[in-house]
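Open the model in a viewer and keep the selection tool at hand.

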Amino acid sequence: MLMIRKYEDEDWESICILHDLTRPAELKGSVPLEAFIPLKDAANNEGLFDGEVFVGELKRNVVGFVAWEPHYITWLYVHPEHQRKGYGRQLLQFALSQLSGTVEVSMLEDNHGALALYESEGFMIKEKKTGKLQGNEAFTATGYILEKEV
């Protein structure tokens, strides 16, 4: 069973590895792979630690993480070896249990797995938007803003 706990500094290397393994697949179909920026370079620019950050672990190994600010889930990543096993859903449900009101999440248009997860948890597409890719503004991307009342 996935144990979800608050992020600690010792988790940094683990979340960097899982983000960097997962992010290219998230970008695929939406922007060129050259848009990829490792977490060690993206975390501060993209506000990873601006809100709450929690990790999910199995047998003391971090397999995913989720971050949020009030009314907005900012990050949700699961290591590729652990995807499609319900861990992303558990992290998402945990984050939602900590929030209230209207909660938003944004995602790239071609990330079909994420869209299926969010819609299965009651999120609805609020807006389709094209603009600069957050974190690497040299690239243009199309994505969705989804929302849900909790």
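Start with the largest pocket, which has a volume of about 1300 Å³. The model is a predicted one. Select Glu26, Ser106, Met107, Asn111 and Ala114: of the 47 residues that line this pocket, these are the closest to its centre. Then colour by element. Two or more lining residues come from each of α1 (12–27), β4, α3, β5, α4, β6 (124–133) and β7. Coloured by class, the pocket lining shows 19 nonpolar, 17 polar and 11 charged residues.

To find the largest cavity, select His19, Arg23, Ala35, Phe36, Ile37, Ala42, Glu46, Leu133, Gln134, Gly135 and Asn136, which line it. This lining divides into 5 nonpolar, 4 polar and 2 charged residues.

Now turn to the packed interior. In soluble globular proteins, nonpolar side chains tend to be buried together. Here the largest nonpolar core has 25 residues, and the members to select are Val66, Ile73, Leu92, Tyr118, Phe123 and Leu146, which touch the most other members. At least two residues of this core are supplied by each of β2 (52–58), β3 (61–69), β4 (72–78), α3 (87–97), β5 (102–108), α4 (112–120) and β7 (136–149). The largest share, 5 residues, comes from α3.

Which residues does Leu92 touch, leaving aside those up to four places away in sequence? Show its surroundings and pick out Ile73, Leu76, Leu117, Tyr118, Glu121 and Phe123. A second, separate core has 14 residues, including Ile15, Val55, Phe65 and Ala67.

For the last stop, select β2. Is this strand largely enclosed or open? It is largely enclosed by the rest of the structure, because 6 of its 7 residues are buried.

The pairing of β2 with β3 is antiparallel and extends over 7 bridges. Finish at the hairpin of β2 and β3, where 2 residues lie between the strands and Lys59 takes a positive phi near 50 degrees.

Methods:
Residues are numbered from 1 along each chain as its sequence is written. This is a predicted model: local features need pLDDT of at least 70, side-chain atom pairs count only at pLDDT 80 or more; totals for chains, interfaces and linings use all residues. Side-chain values use heavy atoms; hydrogens and water are left out. On a 1 Å grid over the protein atoms alone, a cavity is a set of points where a 1.4 Å probe fits but cannot get out, and a pocket is an open set with protein on both sides within 12 Å along at least five of seven lines; lining residues have an atom within 4 Å of a point. Ala, Val, Leu, Ile, Met, Phe, Trp, Tyr, Cys and Pro count as nonpolar, Asp, Glu, Lys and Arg as charged, and the others, Gly among them, as polar. A nonpolar core is a set of buried Ala, Val, Leu, Ile, Met, Phe, Trp, Tyr and Cys residues joined through side-chain atoms within 4.5 Å. Buried means under 20% relative accessible area, exposed over 50%, partly exposed in between (1.4 Å probe, protein chains only). Helices (H or I, at least four residues) and strands (E, at least two) are DSSP runs, numbered from the N terminus. Contact means heavy atoms within 4.5 Å. Grid points are joined across faces, edges and corners, and a volume is the space filled by probe spheres set on the points. Two strands pair if DSSP finds at least two bridges between them.
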